[in-house]
Amino acid sequence: MAKKKNRPDKQDHATNAHAAIGPDHAGSVRPDLGNALPEEVTQGNWVAILLACMMFLTPALGVPHEEMLQDTLKSMVVSFSAIGAGLIFFWQQRHRQEPLRWHALMWLPLALMFYAMASMLWSHAYLGGVEAIRWFVFSLLLWLGLNTLSRDRLPHLALGIHAGALIASLWTALQFWFDFTYFPQGPNPGSTFVNRNFFAEFAVCTIPFSFYLLMRARDSLQISLLSLTNGFVIVALMMTGTRGALMALWLLLFFLLPLIATLYRRQLPIASWRLNQKALACGFFVTTVLALGLSHTGNPKLIEEARGITPFERAFKRTATISMDDSSLGVRFVMWKATSRIIQAHPLKGIGAGAWEVDIPLYQVDGTQLETDYYVHNEILQLLAEYGLVGWIFLLALFGYLSLAAWKTLRNRGPAWLQEAPERALVLSSLLALLIVSNIGFPWHLASTDAIFALALALLAASDSRLGVQGKLAAQNIAWKPVYSKVLGITLMFGLALAIYTSQQAAVAERKIVVAVKLALTITQSQDVNNPRWDPAKLKMLELINEGIDINPHYRKLTPMVADELARWGDWRNAVWIWESVVASRPYVVALMTNIARGYAQMGAMKQAFEYLDRCKKLQPTALSVRSLEVMLLSRTGKMAEAYTLVKNYLAEGTYDYDLLNAAWILGVKNGDYDLAIQGMELRNKNFPVQQVDGLIKLGYLYAFQKKDEAKALEFYKAAMTASAEKDREATRQHIPPDYRPKL
């Protein structure tokens, strides 16, 4: 059988293209003609189009209900798009025998992926698996972009990124102006994201791509539309008031983008704009920013925040609040310090991919609890804590490569480098914005920003290949055979099947758990939880939460909410097994374990309650919830003297929570220490004013019947009536002794 011949037309074309580049001013040698790097794949354009559509759909689409988290949908869009693009690519290359491209950057996400897979053997298997999948998708996007994103295709990708940011900004503006509530979310305006910070961190990374489209526009209509839409995205970002993203925005707007436009104006169509076109660009951009930046919010939640009622106010006020004394930043500093202790304890091995939220309670300062946080809010620290030496290598190699790429882009003035320089500079600007927000958020863990990260690196790697920057630490050929395409295509088909299955399971689990949470909250809000009419709803809620936990027992974010409501109803048995299902996955969360201990105490299972108390004391002996739990268990087992002594000591130290103050009241009354009881109740009224009316009545009783001070008792009863809402005053009056009612 005769061997198939290589396709000389493509190989010669690639060789000629690299020969034309010639040596650059950095001293790079013209690549050997027999070992020329291949051009981007030219057969079809579907891969690049699909990547552009992915970048449009991921931010533009959102879930209009609460039964699926927003980032779950976005992760699905990115995963299916990456796998779909890979299948198209390998189908198109099923007969290919010429080499494809490889780049040293490819080893970085692959190293993290292999580490994550290995860490499943000794760390948290589920979270390690999630991390392995994340870095697999990242690697796939990087490699596909490296082999398909030519300079001619970059505008298509940039258009997809800009269009996605524009539609996402439209949702943000509607939420800012009209309190548009189509997409359920936390802090808004967050567009289709669950949190406004997530939208802002994505939007700021898109701005260099959007300005790239503007700077290469040629006709007046394009210039006008792009100037207007660029201004709109910037105003939407200001509406969020997200400080990390705003810092990156100011750097881009007032330094980097003007610098790039000045340095490389001759390589961009902006240099040939007529005077009227320049006036159009400035006019539309400035008018859009000024007019919309001065518009007022109609969102009552944003008005209540008192952080500014216009985009300009929110942007400038929030930027001005950046300081060491800021409460939000203070919480992050606590997390960062705890994470630094993990890095010191595990500098080489790390604690395992994704395991930060599992292990962080082990490294907190005594008495500090960060158990409601799932990320460090600093991607650099989280990577080092989880991945150890592999994380160090990744970061040093990444920063080293980006610094070298920036230096080469600025320094080399050869024709080929100047032709590539504007695109390289703008991509580097986007990555710089991403790195800035990565120091105060977790954008690498979010599908939209992670996709930009991968594709931006792919664009730089593809540019290196076009420029002939070869070597083991740069671009290389990778030998290819038809069988490789077939094997990888089949592998991706299995990956597609796995993605479909896991996405379906994730959607079902989230729906069941969220519906169970909503049922629980609805029953609680009725303020009649023991009414028999709620029995069918309670059975349905328990059935749903059980099925959801069976599918995904690691869902810590929502599952405990059902148990919390069950505990309020007094259904401790069901509350405990739900909390225990979460603790099985997150074994160091003290808040959950103290809840379980209280539940066992309520059921009379004191042995199990003390077992959980011992676990809590080993982790956080000085945590308030642990101290109040110990006092409660000692009281319940007849060790009143020990409990009484502990309460007095804790109040003297000034450390207490709601339960501890209740214990102070009870133990003070039982021991005849009325001063302790009064101190506990007055502190409860001050720090937990929701229960103020109840506290005032209790104090009135104490003065009336224990201390025999009628004047003081009457004072507290009057205060209770004053503190009561008008509709509740008669009910409050009925709790006051009859002898005092005529005197009120």
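Q: Which residues do ring pairs link into a cluster?
A: Ring pairs join Phe89, Phe90, Trp143, Trp480 and Tyr484 into a cluster. Rings of Phe, Tyr and Trp (its six-membered ring) pair if their centres lie within 6.5 Å; planes under 30 degrees apart count as stacked, over 60 as edge-to-face and the rest as tilted.

Q: What kind of model is this, and how are residues numbered?
A: This is a predicted model, where local features need pLDDT of at least 70, side-chain atom pairs count only at pLDDT 80 or more, and totals for chains, interfaces and linings use all residues. Residues are numbered from 1 along each chain as its sequence is written, and side-chain values use heavy atoms, with hydrogens and water left out.

Q: Back to rings. How many aromatic pairs does the structure hold?
A: There are 36 aromatic pairs in the structure. One of them is edge-to-face: Trp102 and Trp107, at 5.3 Å centre to centre with 65° between the planes.

Q: Is Trp102 buried or exposed?
A: Trp102 is buried, at a relative accessible area of 15%. Buried means under 20% relative accessible area, exposed over 50%, and partly exposed in between (1.4 Å probe, protein chains only).

Q: And which pair is stacked?
A: Tyr600 and Tyr612 form a stacked pair, with 6.1 Å centre to centre and 20° between the planes. Tyr600 is in helix α23 (residues 590–602) and Tyr612 in helix α24 (residues 606–619), so this pair ties together parts that are twelve residues apart in sequence. Helices here (H or I, at least four residues) are DSSP runs, as are strands (E, at least two), numbered from the N terminus.

Q: Are those two tyrosines buried or exposed?
A: Tyr600 is buried, with a relative accessible area of 13%. Tyr612 is buried too, at 11%.

Q: Where do charges sit over rings?
A: The charged end of Arg94 is over the ring of Trp91, 3.8 Å from its centre. Lys349 lies over the face of Trp122, 4.3 Å from the ring centre. To count, NZ of Lys or CZ of Arg has to be within 6 Å of the ring centre and within 35 degrees of the ring normal.

Q: New topic: where is Ala385, and what is it in contact with?
A: Ala385 is in helix α15 (residues 379–387), and it counts as buried at 0% relative accessibility. Leaving aside neighbours within four places in sequence, Ala385 is in contact with Thr339, Ile342, Ile343, Gly350 and Ile351. Contact means heavy atoms within 4.5 Å.

Q: What about Asn147, buried or exposed?
A: Asn147 counts as buried, at 1% relative accessibility. Its place is in helix α5 (residues 125–148). Not counting residues up to four places away in sequence, Asn147 touches Glu40, Val41, Phe89, Leu100 and Arg101. Phe89 also belongs to the ring cluster.

Q: Which peptide bond is cis?
A: The one from Asn188 to Pro189, with omega near 10°. Pro189 is in the loop between α6 (154–178) and α7.

Q: Which residues have a positive phi without being glycine?
A: Among them are Gln527, with phi near 60°, and Lys708, at about 55°. Gln527 lies in the loop between α19 (482–525) and α20 (535–551), and is exposed at 74% relative accessible area. Lys708 is in the loop between α29 (692–706) and α30 (710–723), and is exposed at 61%.

Q: Last one: how much space lies in the second largest pocket, and what lines it?
A: About 540 Å³ lies in the second largest pocket. A pocket, on a 1 Å grid over the protein atoms alone with a 1.4 Å probe, is an open set of points with protein on both sides within 12 Å along at least five of seven lines; lining residues have an atom within 4 Å of a point. The second largest pocket is lined by 22 residues, and Phe211, Leu214, Ala281, Cys282 and Phe285 lie nearest its centre.

Technical notes
Grid points are joined across faces, edges and corners, and a volume is the space filled by probe spheres set on the points.
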